[in-house]
Amino acid sequence: MKNLPQCPKCHSEYTYEDGAMYICPECTFEWAKDAVVENADHDRVVRDAHGNVLSDGDTVTLIKNLKIKGSSSVVKVGTKVKNIRLVEGDHNIDCKIDGIGAMQLKSEFVKKA
């Protein structure tokens with residue numbers, strides 16, 4: 001049996017080969033056999049509407065009025081959101097907005113404060 005590398009993302013030992021790729025069945029991460037993957041968790045870069053890099057704990061300001069799905073409420077332009085958390089997915093910011101509660105935002109509608 002070949003000695004296959006551990007998954008660089010979740011460190012699983014159950015990786016397997018598929019052509020020129022290694023695949024992790026636990027987190028579904030794929031990487032090329034000849035690629036040097038240092039840390040797959042830090043490959044993701046989230047940028048605001050002006051191209052500034054965002055990170056966990058940043059404060060951002062909304063640049064557009066956003067309707068709240070399932071409600072008639074609107075989050076107004078200029079609303080400051082403190083202590084954001086970056087997540088995977090289409091809406092890549094988790095946050096709490098005063099007076100509204102927990103929300104998910106898209107980074108394209110915010111600017112770094």
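This is a predicted model: local features need pLDDT of at least 70, side-chain atom pairs count only at pLDDT 80 or more; totals for chains, interfaces and linings use all residues.
How many residues lie between β11 and β12 in their hairpin, and which glycine in the turn has a positive phi?

View 1. Residues are numbered from 1 along each chain as its sequence is written, and side-chain values use heavy atoms, with hydrogens and water left out. The hairpin of β11 and β12 has 3 residues between the strands, and G99 in the turn has a positive phi of about 85°. The two strands run antiparallel and are joined by 5 bridges; I93 stands opposite L105 in β12. Strands are DSSP runs (E, at least two residues), numbered from the N terminus.

**View 2. The open sheet β10-β11-β12.** Antiparallel pairing links 3 strands in this order, where two strands pair if DSSP finds at least two bridges between them. β10 (85–86) and β12 (101–105) are the edge strands, each pairing on one side only. Of the 5 residues in β11, 4 are buried (under 20% relative accessible area, 1.4 Å probe, protein chains only).

View 3. β10 is joined to β11 (residues 93–97) by 2 bridges. R85 stands opposite D94, and L86 opposite I93. Between the strands are 6 residues, and G89 in the turn has a positive phi of about 120°.

View 4. G57 lies in the loop between β5 (53–54) and β6 (60–62). Its relative accessibility is 41%, so G57 counts as partly exposed (between the buried limit of 20% and the exposed limit of 50%). Leaving aside neighbours within four places in sequence, G57 is in contact with N83 and I84 (heavy atoms within 4.5 Å).
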